[in-house]
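Thanks for coming, everyone. I'll keep this short, and I'll go through one model piece by piece.

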Amino acid sequence: MSDNIANERKFTIARAMAESIQQEMQADERVFVMGEDIGALGGVFGNTRGLLDEFGKTRIRDTPISETAFISAAVGAAQDGMRPVVELMFADFFGVCFDAIYNLMAKNTYFSGGGVNVPMVLMTSTGGGYSDAGQHSQCLYGSFAHLPGMKVVSPSNAYDAKGLMTAAMRDDSPVVYMYHKGLQGMGWLGTEAGAQVNTPEESYQVEIGKAKVVREGTDVTLVGLAMGVHNCLKAADILAKQGVSAEVIDLVSLVPLDRETVINSVAKTGRLIVVDEDYQSYGVSGEIIATVTEHDISKLKTSPKRVAYPDVPIPYARNMEQFCLPNPNKIVAAYTSMN
Amino acid sequence: MEPTKDQTLWMYQKMVTSRRFEEIIEKIYLEGKTPAFNMANGPIPGEMHLSNGQEPVAVGVCAHLNADDVVTATHRPHHQAIAKGVDLKKMAAEIFGKKTGFSGGRGGHMHIFDPDVNFACSGIIAQGCGPACGAALSRQMQGKPGVAISFLGEGAVNQGAFHEAMNLAGVWNLPVVFVIEDNAWGISVSKEDSTAVARNDVRAAAYGMPGFYIENNDPYAIFDIAGEAIKRARDGKGPTLIEIETYRLAGHFMGDAEGYRPEGEKDALFKKDPIPRMRSRIIADGVATDEDLDAIERKAQSQVDEAIAFARESDLAPDTDALTSVFAA
């Protein structure tokens, strides 16, 4: 493949998601999409762009602002043989419809002893950094991952975004697909350039439940997901200049969680920093640290650290929000503060 | 119910104040966002939902309210806030994320709280319906006067929260009025494509309350119907649902390309801009002269300029303020 062609496939996450859905809809007529503004608008965050033209209103269904109704309708349709993809525009909006998600979508397989499957994908946007304040900027990874019965994934780049979406649509269990607005490639949100990577045209899957070592190192393990991965990689660059070799793990999936990859890395480096844009307490960062310490605390040369969002609602003012968000310098400072 | 001369001129002044305020906000919002539009940049970052075109709803309803009455507003709150009498300087400062804003920059334009006039708004659809019922219940239980107004968009009527609140208001005979601003669009989805009935006033029947639909974005008709509804609520005769045809002259948020609108729709809406229409009617009715209205416009402009200058000149809160105010002091 020439460089020229490779460059043409350097996709945004939005485009990668749309292409994955498009290909799966071509291959499997049971797949359809429901959500607010996913038709003519192509999704507020661009992840269904072009699909209405190809598949029409029957399979690309703009919904009323009725999340309880259409998410629980997706549960019913999934149980009846369809494979719906539904969008909750902002993860923050889960408050109006969580019953459909955690009491129906996530539990019906268990309640039926496997007699009923709920093969659906709930895609939802996460993250802040652009002053959208406290009802439009949350990550809530821990809130979703805490509750049993749904897989939870969050891509950090377009390659994974496409493969994870395909895997999610083919999974017989419900998958919550959390995409970070700051990685999405929508110009009006600004975008993390590192999220745009070469994305193969053919359909492929990225395994749900498998973390990735995205940078190898020997002195410290930096664990993150979504935007956190990019913060970790930037921190690793800074640390490298200081002679510190950081290994970076992209969790990719929260449920199932690939504990082994984290444990193996910390066994090598002896130091652990977890980066999470979700609230610090009772969340991903605590779970990762517990995973390592429960397994073999003697592998740690020093206490682990976390760089997470403080336990406060997300403020609107830019200076206050940026003060709260994880960033590469905070990660470097966390390393520096280690014994 | 017809507005007196004072009420008429008050409504006109508030409509103009809201419009002038948003014209300046719109201009400043684009500072730092050109040539590449990135929502995170400029003195006013984040989402910006303008209410221009919808001013008649706010003034026709709020003309009947006192500071004691409660308003819960939407993510598109400026016109409602101004008509309810919020402190314009503090609201402007909040939109700029400054320390002198209502919350010191924690909330921003979708989260404006002015307890002095019992105004609040929030960012999630139909979220104000329940709190409006609660405020009305509180007045009822305490035997205190006052009504609550829940503003919502026509897209919000398909949320469960709206229906649950409507029933609560009906079954408890609460002094609350639900006011639906029907601007025909829920972001990109038309009312026709999202709502099973053409007019939501019919839904009132399901909750045992009267329902009204007001056409043509007419501040006089809104004043009339809202006045009757608010009087009924004050007299202990229970809730009312009012849906009002209005116009969203801007996109859902600034930066919305509005490709979903039929060709020519915007031009047609601008031809029906309610502010020049009201001005013409005031003159035709002989209620005021051009000179009177020019004076009102100048006054509105100077209030807006003063508020914006206050916001510009105010300091940002220290970064660490992000960590305070989580719990009651």
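**Sheets, domains and the interface**

Strand S9 of chain A and strand S11, residues 246–250 of chain A, pair in the antiparallel sense, over three bridges. Within that pair, Val213(A) stands opposite Ile249(A) of S11(A). Keep in mind that this is a predicted model.

Now the whole sheet. It is open, with five strands in the order S9-S11-S10-S13-S14 of chain A, and the pairing is mixed. Which strands stand at the edges? They are S9, residues 212–215, and S14, residues 305–309, both of chain A. Each has a single partner strand, so one side of each is left without a neighbour in the sheet. From one strand to the next, the twist averages 25 degrees.

Next, another part of chain A. Look at strand S4, residues 83–90 of chain A. How many of its residues are buried? Eight of the eight, so S4(A) is largely enclosed by the rest of the structure. S4(A) has strand S2, residues 31–35 of chain A, as a parallel partner, with five bridges between them. Met34(A) stands opposite Val86(A) of S4(A) there. Strand S5, residues 121–126 of chain A, also runs parallel to S4(A), again joined by five bridges. In that pairing, Glu87(A) faces Met123(A) of S5(A).

Now step back to the domains. Chain A is divided in two: domain 1 covers 3–198, and domain 2 covers 212–336. Their centres, taken over C-alpha atoms, are 25 Å apart. How many residues does each domain give to the contact? Domain 1 of chain A gives 27 residues, and domain 2 of chain A gives 23 residues. On the domain 1 side, two elements give two or more residues: helix H7, 141–146, and strand S6, 151–153, of chain A. What is the make-up of that side by class? The side of domain 1 of chain A that touches domain 2 has ten nonpolar, 14 polar and three charged residues.

On to the two chains together. Here 32 residues of chain A are in contact with 41 residues of chain B. Which element gives the largest share of chain A's side? That is helix H12, residues 318–324 of chain A, with five residues. By class, chain A's side of this contact has 18 nonpolar, nine polar and five charged residues.

Now chain B by itself. Its secondary structure comes to eleven helices and nine strands. The radius of gyration of chain B is 19 Å, close to the 20 Å that the globule rule gives for 329 residues, so chain B is as compact as a globular protein of that length. Along the principal axes, its C-alpha atoms fill a box of roughly 55 × 50 × 40 Å. Of the 329 residues in chain B, 52% are buried. Take the contacts in chain B between residues at least 6 apart in sequence: 74% of them join residues at least 24 apart.

What about the sheet in chain B? It is an open one of seven strands, ordered S2-S3-S1-S4-S5-S9-S8 in chain B, with mixed pairing. At the edges are S2, 113–114, and S8, 211–214, of chain B, each pairing on one side only. S8(B) pairs with strand S9, residues 240–245 of chain B, in the parallel sense, over four bridges. Gly211(B) stands opposite Leu241(B) of S9(B).

Helix H5, residues 129–142 of chain B, touches strands S1 (70–73), S4 (148–153) and S5 (176–182) of chain B. The direction of H5(B) makes about 170 degrees with that of S4(B).

Helix H2, residues 55–62 of chain B, is mostly covered, with eight of its eight residues buried. Among them are Glu55(B), Pro56(B) and Cys62(B).

The other is helix H10, residues 274–284 of chain B, which holds Ile283(B). Is Ile283(B) buried or partly exposed? Ile283(B) is partly exposed, with 14 other C-beta atoms within 10 Å; a buried residue would need 20 or more. Ile283(B) and Leu293(B) are ten residues apart in sequence, and their C-alpha atoms are 8.9 Å apart in space.

That's my tour. Questions, please.

Methods
Residues numbered from 1 in each chain as written. Chains lettered and ligands numbered in written order. Predicted model: local features only at pLDDT ≥ 70, side-chain atom pairs only at ≥ 80, totals over all residues. Contact = placed C-beta atoms within 7 Å. Nonpolar A, V, L, I, M, F, W, Y, C, P; charged D, E, K, R; others polar. Rg over C-alpha atoms; globule rule 2.2 N^0.38 Å. Buried ≥ 20, exposed ≤ 12 C-beta atoms within 10 Å, placed from the backbone. Pairing = 2+ DSSP bridges. Axes fitted to C-alpha atoms, helices over the stretch in contact; angles between N-to-C directions. Domains from an automatic or database assignment.
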